[in-house]
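Reader: Please take me through this model, beginning with the whole protein and then going on to its sheets, helices and single residues.

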Amino acid sequence: MSTGKTAAGTATPIPAGDLVPSADVREEYEALVEQVRKHRFAYYQEDAPVISDAEFDGLYRRLETIEAMHPELVANDSPTQEVGGEVSAAFTAVEHLQRMYSLEDVFSLEELEAWIAKAGANIAKLGNGTPAWLTELKIDGLAVNLLYRDGVLIRAATRGDGTTGEDITHNVLTIKEIPQRLSGDGFPAEVEIRGEVFIPSKAFTEFNEALIAAGKAPLANPRNAAAGSLRQKDPAETAKRPLKMYVHGIGAREGLQTASQSDTYRQLAEWGLPTSPYAEVLPGLADVLAFITRYGDQRHSLTHEIDGIVVKVDDFATQRALGYTSRVPRWAVAYKYPPEEVNTKLLDIAVNVGRTGRVTPYGVMEPVKVAGSTVEMATLHNQEVVKAKGVKIGDIVVLRKAGDVIPEIVGPVLALRDQQDPPVRDFVMPTQCPACGTPLAPAKEGDVDIRCPNSRSCPAQLRERVFHLAGRGAFDIEALGWEAAIALTQPAEPDVAPLTTEANLFRLTPADLADVRIRREKRSKGVASGEFELVPYFFSKGTAKTPSKPTATTEKLFRELDKAKTQPLWRVLVALSIRHVGPRASRALATAFGSMDAIRKASEEELANVDGVGPVIAAALTEWFAEDWHRGIVDTWAADGVRMEDERDESMPRTLEGLTIVVTGSLEGFSRDEAKEAILIRGGKAAGSVSKNTSYVVAGENAGTKLDKAEQLGVPVLDEDGFRALLADGPAGGAAESAEEDLPEGEGE
C-alpha cells in the first residue's frame, strides 16, 4: 500500500495496481482538481494566494499521485496537464510564437538524483554522449516573454497558460534593465526572450519600510509584489516599484545559431540583456548537489529571493531530442528548497518588554513547522507595524522564516478573514507595563516605540539585560541562557530573586541558588500534559538519602562567570545594555580609549569623533553614565574583578591606518571576531559591507555576494595569506599578495 496526502492533509491509503477507483477516491480527486484550480487562479491571476506554496505543492502532488494510480480519471483539462495560469480579462491576450512551458518540480535530493539518472539514461540511448548541466537559481518572480523584431522590443507578455499571455508591454518598458533596443549586431529578425521579473530582496525591504512609514500596508512577498506591479493599469505606478529582470531562456528565433543554453546566455548579455550571475555549467551530479548546497547556505544573502535550483541539459540538440510532455520539458527540472513561508492562525498578540524598556508586540500562533523548526511566536515590532500589516487576532497569517532569521508575520490572508470563528478582533496596545505596572510612554515626543521608563526595577527589563549580557557578543556565558535568566530574575520561588540587579552577577554563590524553583509543564513521554509543577533549577531535586547539590550546568555557570571577568573591554561595553551601543561601536570605543575610565571621562564631542560612533551613540553613552545606578554596575563589576582596561601592545605597528577592510567567508586561522580585532588594533576599520570606499576584501571559504560586489567595484581581494601579509606590512604586503594570486580564468576581471 502506498499513501499520499489528502486535500485536508491526512494520510489516506491508495490501492496499488490498476483498480477501479472507489467513490471516495473519485470524490477526493474531484475536490482536489477544484482546489488546485481555485488556488492557481488566486496565485497567478489575483496575486493573492490564500495558502502557502508548500500547501499548494502538497495538494498538487496528491493530485499527481491519484492520477498515477488511476490514469482513467485524468481529463485533458486536469491541472496536471496544463501550464499554470490563465489570462486576465483586464489585459489584452497575446499568443506566444513558441509555447512557454512550466518545469517539473522535485522536492528532495533523492528525487533530483533519480531525475538526473533517468535523463542521463535517455540521453545515452540517443547516443548524444555525457550531458553537461546548466544549473541556475530559480528566481521567485513572474515569468515574462519579450519579443524583439530587428532588435527592437515590440511586446512583453506574461506566461499565462503557456500559449496565451497578457500584454504588459507598457509596464515592462518602465524596467530600466530591459533594453528597448538591443545593442551590438547579429540579432535575429525575430526572437522571443524569456526571463523572470523580480524585486531585489534589499529593495523589497526598503520599499516595505517606506510603505509602513507612510501608514500603508506592506507588500506580502517579493513574488506577489513583482506580479502585482506588472499588472498595474497605470505604468506610472509600475515605475515606482523597484523591478529588475534576469533573462534565462529563449523561445522562437530566426537565424540564431547558438549550440547551447550557456552560449545563448553569453550572446544575450552581449546584446545588453540582463543575465543572472548565478548560472554555471556543471559536469555531473556531484557538482549539481554541491551547487544546491552552496546556494542553500547563501540564499538569504543573494540579490533576489529564490525557492529552488533549476537544472537544464545545456546542449540544444539534446534538448530537442528529449522533447516535451504536454506541460514540461523532459530536459529541465526544478529542485525546490524546503518552504520558508507557511500559513497559520494568529491566536493572540501579546507584548514583551525588552532590555531598554521597549514594549514590542509579538504574535502567538498555532505551532507550525517552517524552515526546519517549529515556530509559535513572531515579532510584530511596534503598534504601527501591527496597524500597517493589517493583522487582527484570529487571522490566518503568512509566516516567513528565512534560514536562522527571526520569524516574521508577513500579513493576513484577507480572503479567509470572514470565515474565522470566533470572529477576528483588533489588537489594543497596553497602557501599563505588563511586568511592573508602570505607565507606558514614548521615550521622546514623536517616537513610534512605547517604553517602560522603570528601567532600574522592572523585572522584565532586568531579565532581558541578564540574558543579553550572557550572549556571544558580550560576556559569552553559555550556561546562562534564557531559562536561566528567568530563574535568576523571576523565579517561582523564593519571593526575592537571586538577582535584583545585574551589578551583583559576579557575587552570586551556589548557596544563593539552592532554593530557586521554576514553574515547568509536566510531560509524559515527551507530550505536554497541561499541568504544571515547581522544580529546582540550579540544584538537583534530592531525596532523603541523597541531598540536593549543584547540577553540572550550575557548576559550569560559575566557571564561566570567572572566565567572563577576563573578557576584553569591548565585550564589557556590550554587556552594559547601553542603547545603540553594539559590538561595532564598542570595538571602536575600546580601541580609541583603551579603558572604561577613559570612556566615562570623555566628553560627548570626543565620543562622537570616534570613527564608528557618531553623535547618536555618543549622546546615549553620556546619558547612560549620568545615572548613578548605571555607574554603580560598572564600579561593582570592577570591584569583583571584571576587566575594565585593555592591555595595549604599543609596539604593534599601525599598518592599517586609514584602511577600510571587509572580511567575508570563513578563514582557517581567524574567527570573525579575531579578524576584526586584528584589523582594529593595527589602526584599520573593519566594515561589514563592500563599497567604493573599501580598501580590501578578505575572502575565505563561501565568501558569497560580498566577493561578487568587490569584483564588480574593482576592490582588491585577498585570500588568508594575503590578509596576513597585509597585517604585517600594510598595503605593500597586501598588494604583493593580491598580484600573485593565481585566479581561475575569468575571475577577478
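**From the whole protein to single residues**

Reader: Among contacts in the protein between residues at least 6 apart in sequence, what percentage joins residues at least 24 apart?
Author: This is a predicted model, in which local features need pLDDT of at least 70 and side-chain atom pairs count only at pLDDT 80 or more, while totals for chains, interfaces and linings use all residues. Residues are numbered from 1 along each chain as its sequence is written, and side-chain values use heavy atoms, with hydrogens and water left out. A contact means heavy atoms within 4.5 Å. Among contacts between residues at least 6 apart in sequence, the share that joins residues at least 24 apart is 66%.

Reader: How many helices and strands does the protein have?
Author: Helices (H or I, at least four residues) and strands (E, at least two) are taken as DSSP runs, numbered from the N terminus. On that basis the protein has 25 helices and 26 strands.

Reader: Which strands stand at the edges of the open sheet of four strands?
Author: Two strands count as paired if DSSP finds at least two bridges between them. Here the order is β7-β6-β9-β10, with antiparallel pairing. Each edge strand has a single partner, so one side of each is left without a neighbour in the sheet; these strands are β7 (152–158) and β10 (244–253).

Reader: Which residue in β7 is the bridge partner of Leu147?
Author: Strand β6 (residues 142–149) is joined to β7 by six bridges and to β9 by eight, with β6 and β9 antiparallel. On the β9 side, Leu147 stands opposite Glu192. In β7, the bridge partner of Leu146 is Ala156, while that of Leu147 is Arg155.

Reader: Which residue in the turn between β6 and β7 has a positive phi?
Author: Of the eight residues of β6, seven are buried. β6 and β7 form a hairpin with two residues between them, and the turn residue with a positive phi, about 50°, is Asp150.

Reader: Which helix packs on the sheet by touching β9 and β10?
Author: Helix α6 (residues 222–230) lies across β6 and β9 (190–198), running at about 40° to β6. Another helix spans residues 261–270, and its direction makes about 115° with that of β10; this helix, touching β9 and β10, is α8.

Reader: What is the handedness of the crossing of α3 past α9?
Author: The axes of α3 (residues 109–126) and α9 (residues 285–298) come within 11 Å and cross at roughly 145°. A crossing is left-handed if the near helix is turned anticlockwise from the far one by less than a right angle, and right-handed if clockwise. The crossing of α3 past α9 is right-handed.

Reader: Which residues of α9 make the contact with α3?
Author: From α3, the contact uses Leu109, Leu112, Glu113 and Ile116, and from α9 it uses Leu285, Val288, Leu289 and Ile292.

Reader: In the open sheet of five strands, which strands are at the edges?
Author: The order is β4-β13-β12-β5-β11, and the pairing is mixed. Each edge strand pairs on one side only, and these strands are β4 (104–106) and β11 (280–282).

Reader: Is Met596 buried or exposed?
Author: Met596 has its place in helix α18 (residues 596–601), and it touches residues including Leu569, Phe625 and Met644. Met596 and Met644 are 48 residues apart in sequence and 5.4 Å apart in space, C-alpha to C-alpha. With a relative accessible area of 2%, Met596 is buried.

Reader: What is the relative accessible area of Arg472?
Author: Arg472 lies in the loop between α12 (459–469) and α13 (482–489). Arg472 is exposed, and its relative accessible area is 74%.

Key. Axes fitted to C-alpha atoms, helices over the stretch in contact; angles between N-to-C directions. Buried < 20%, exposed > 50% of the residue type's maximum accessible area, 1.4 Å probe, protein only. Lists of a residue's contacts leave out its neighbours within four places in sequence.
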